[in-house]
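Please consult the sequence and the structure while reading the points below.

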Amino acid sequence: MFRLAWRRSASKTSLLEHSRLWTAVSLRADSAQQITGGNFCSPLGHTPHPPSSRSTLLQSQSAYHVSSPVFMSMASGGEGSSPLPHKHTNRLAKEKSPYLLQHAHNPVDWYPWGQDAFNKAKDEDKPIFLSVGYSTCHWCHVMERESFEDEEIGKILSDNFVCIKLDREERPDVDKVYMTFVQATSGGGGWPMSVWLTPNLRPFIGGTYFPPRDQRGRPGLKTVLSRITDQWQNNRTALESSGERILEALKKGTAVDANPGESPPLAPDIAKRCFKQLAHSYEEEYGGFREAPKFPSPVNLMFLMTYWSVNRSTSEGVEALQMALHTLRMMALGGIHDHVSQGFHRYSTDSSWHVPHFEKMLYDQAQLAVAYINASQVSGEQIFAEVAKDILIYVSRDLSDKSGGFYSAEDADSVPASGGAEKREGAFCVWSASEVRELLQDVVEGATGSATQADIFMHHYGVKEQGNVTPEQDPHGELQGQNVLIVRYSVELTAAHFGISIEKVHQVLASARTKMAEVRRSRPPPHLDSKMLASWNGLMLSAYARVGAVLGDKDLLERGIEAGHFLKEHLWDAERQTILRSCYRGHQMEVEQISPPISGFLDDYAFIICGLLDLYEATLQTEWLEWAEELQLRQDVLFSDEQGGGYFCSDPADHTVLLQLKEDQDGAEPSGNSVSASNLLRLSHYTGRQDWLQRSQQLLAAFSERLTRVPIALPEMVRALMAHHYTLKQIVICGQKDAPDTTCLLAAVNSLFLPHKVLILHDEDADSFLNHRLPVLSSMTQQGGVATAYVCQDFTCSLPVTDPQELRRLLLDGTTETQAD
């Protein structure tokens with residue numbers, strides 16, 4: 001039973017992370033107040049953890065127990081519309097966040113996070129109930145339907161607490177603080193997250209999902225609320241003092257600082273340790289890391305390809321590449337990949353990438369598109385490039401706003417086409433055998449046994465009459481009789497099985513997928529989170545730029561440029577010189593903002609800067625480089641820790657955020673510090689600013705202990721450390737931007753996986769942005785009137801190269817004559 005329930009859960013925190021947090025906080029019966037619910041709904045999985053099977057509410061004198069059930073029946077919920085007038089409407093109806101709007105008609109007196117709620121708690125001397133989630137979180141839907149739509153529970157909450165509902169994607173800074181508390185005091189975390197705070201925002205009890213009422217001897221939310229109310233009235237001093245002690249311990253335990261004069265650790269040693277830790281957790285049969293559930297983990301795959309790039313001649317380098325490519329292949333073949341409508345689901349509930357959690361997140365699409373296009377550069381295999389482009393087709397079609405921005409996510413749950421009001425996970429995506437047979441009836445000419453399109457399709461994609469999802473993968477019976485498409489045979493084997501050509505199989509499968517996509521468009525769609533986040537749009541900007549550059553696809557590059565303009569127009573406050581965290585799609589499809597808008601966080605700046613640098617290298621339009629420089633200057637002012645090194649996740653001036661954290665884990669998204677370490681290094685080469693090079697080194701030094709002990713927690717930062725050690729190559733192309741000879745040299749560069757490089761176009765304009773910052777460019781000229789490339793490293797440049805193939809050889813092995821810079 002535990003295993004079945006666990007297959008539906010996910011958590012951000014790894015075992016190593018739990019160990020670190022437990023060490024930071026010495027928990028005793030008189031110093032911790034905790035209630036831990038089941039950990040069900042997390043989009044941030046690195047290595048997930050099962051939810052705790054025991055929950056306690058510990059008093060300062062004598063402890064008594066409040067246990068929350070961990071295993072609950074899978075249920076559907078969400079924001080379904082109703083033709084009847086709403087019985088209740090609270091102040092969340094005025095918000096823009098799709099998640100907050102889902103709770104606008106609960107019988108709970110919800111407040112958004114803000115001063116009004118804080119003032120009410122102080123004025124009425126009530127504890128705060130903080131509920132955190134996001135709009136496509138399945139178990140957030142469950143808790144809403146079961147508890148927050150319940151009249152009795154709603155009254156208890158409203159009478160005894162100031163209730164705050166928070167979208168974790170709008171306010172990741174607040175979420176990180178209280179998730180750190182929950183993880184430290186319970187050993188797990190996830191969403192929905194439930195935390196009880198004092199009026200001055202100090203947490204004293206926290207957990208995740210709670211069922212509404214007692215089950216099997218374990219108390220539900222109603223009982224928990226009653227006991228917390230009693231404790232607040234009769235044992236308040238102990239609650240508050242315990243919360244303060246835990247908070248102080250967390251401040252010390254989460255500190256990340258560099259000692260004066262400290263240098264970053266040695267990159268080859270750290271990289272080798274990271275590789276070995278990943279190899280230890282690698283699952284050989286289907287790829288990926290750990291058994292199940294399995295997450296895509298693009299940061300791991302990018303590290304492995306980078307590790308190979310500097311260890312190509314070693315057995316470890318070859319193994320690293322094999323791990324990355326095999327994982328990417330198996331994911332592309334698996335059910336986690338949407339074979340009908342493109343894109344990737346959040347994670348696989350099994351070890352074979354077959355049955356996914358059907359939610360689709362923008363940040364997954366962005367990072368996987370980059371990983372797949374890099375795999376195509378490394379291997380030369382067309383399939384990887386096709387998958388990368390398919391991801392962007394999905395994003396352009398289903399997650400794109402007409403303004404140029406990108407939406408956040410599609411839900412896992414939707415109403416089945418067969419009818420009924422109750423949503424089910426995967427209903428939009430799965431197929432019965434009868435549906436496939438009815439849709440694909442045509443006989444395929446020349447096929448053995450007069451096989452139909454359906455016969456070939458069902459054979460190839462593993463469709464079974466009784467469904468291909470086992471009970472172990474579907475503990476709540478939502479996928480009974482349904483099929484999740486997964487490639488079971490190669491095209492060659494399918495062709496041989498039916499006695500037709502490979503080309504014919506391709507045609508049959510493509511035609512079938514097109515027909516099925518049309519049918520799917522007629523089904524009730526899942527909820528779309530149309531919130532547009534700066535950080536995730538920055539990741540997507542990188543994806544369109546990198547894939548477009550490698551494929552030489554002008555349409556993809558144009559879409560990337562549109563995204564860049566969107567960010568500058570809608571998520572950049574030029575007057576305040578501030579990135580804005582989010583904007584929203586209005587009822588008339590216009591872009592809206594909340595008032596006052598949420599200022600951006602470290603991730604927003606770091607991911608956009610990275611996207612702008614990638615967009616410059618893809619388009620060679622210096623406006624993007626100029627804006628990247630401007631944003632880096634603002635990031636340094638807003639978030640930099642000048643004493644300890646690195647960057648805080650949020651503005652230290654915001655006193656409502658109790659912990660000033662420096663994110664130290666590359667999980668479903670890379671951390672802002674990891675990306676910033678690379679950004680600073682790249683920008684130092686574009687601008688000549690040595691202070692940014694030093695700032696990057698200081699950042700890496702601040703994370704030395706973490707990098708040395710558990711580099712697997714920071715694979716993206718290890719890549720930045722490697723870039724410092726192996727030094728970046730400056731590839732300078734002297735030529736006219738759109739001239740054919742320039743294009744050929746650029747294509748040679750873009751055909752290769754070069755993780756340690758910056759690409760510069762020198763057009764010999766003395767007043768240009770780059771010439772002003774890099775005077776050395778004036779000595780580089782075209783040879784014989786044709787586009788010419790120079791490759792510089794460690795203050796030494798190659799002799800000029802005009803032939804694309806010679807440039808490829810130079811970049812691959814570095815064997816050419818050089819001249820002093």
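**Salt bridges and strand pairing**

Arg 581 and Asp 604 form a salt bridge in which the closest N and O atoms are 2.7 Å apart. The model is a predicted one. In total, the structure holds 49 salt bridges.

**The pair Arg 581 and Asp 604**

- Arg 581 lies in the loop between β15 (578–579) and β16, whereas Asp 604 belongs to helix α21 (residues 602–619), so the pair ties together parts that are 23 residues apart in sequence.
- Arg 581 and Asp 604 are both buried.

**Further salt bridges**

- One network, made of salt bridges that share partners, joins Arg 546, Asp 614, Glu 617, Arg 682 and Lys 757.
- A salt bridge also connects the side chains of Arg 576 and Asp 573, at 3.4 Å from N to O. Arg 576 is partly exposed, and its relative accessible area is 40%.
- Glu 152 and Lys 222 meet through their side chains in a salt bridge of 2.5 Å, N to O. This pair links distant parts of the chain, for Glu 152 is in helix α6 (residues 151–160) and Lys 222 is in helix α8 (residues 221–234), 70 residues apart.
- Glu 152 is partly exposed, with a relative accessible area of 37%; Lys 222 is partly exposed as well, with a value of 29%.

**Strand β3 and its partners**

- Strands of a sheet pair through backbone hydrogen bonds, in either a parallel or an antiparallel manner.
- Strand β1 (residues 110–112) runs parallel to β3 and is joined to it by three bridges. Within this pairing, Trp 110 has Cys 163 of β3 as its bridge partner.
- Strand β2 (residues 128–133) also pairs with β3 in the parallel sense, over six bridges. Here Ile 128 stands opposite Val 162 in β3.

**The open sheet**

- An open sheet of three strands has the order β13-β16-β17, with antiparallel pairing. Its edge strands are β13 (532–533) and β17 (591–592), each of which pairs on one side only.
- Two bridges connect β16 (residues 582–585) with β17 in an antiparallel arrangement. Tyr 584 stands opposite Glu 592 in β17.

Note on methods
Residues are numbered from 1 along each chain as its sequence is written. This is a predicted model: local features need pLDDT of at least 70, side-chain atom pairs count only at pLDDT 80 or more; totals for chains, interfaces and linings use all residues. Side-chain values use heavy atoms; hydrogens and water are left out. Two strands pair if DSSP finds at least two bridges between them. Helices (H or I, at least four residues) and strands (E, at least two) are DSSP runs, numbered from the N terminus. A salt bridge is a side-chain nitrogen of Lys or Arg within 4 Å of a carboxyl oxygen of Asp or Glu. Buried means under 20% relative accessible area, exposed over 50%, partly exposed in between (1.4 Å probe, protein chains only).
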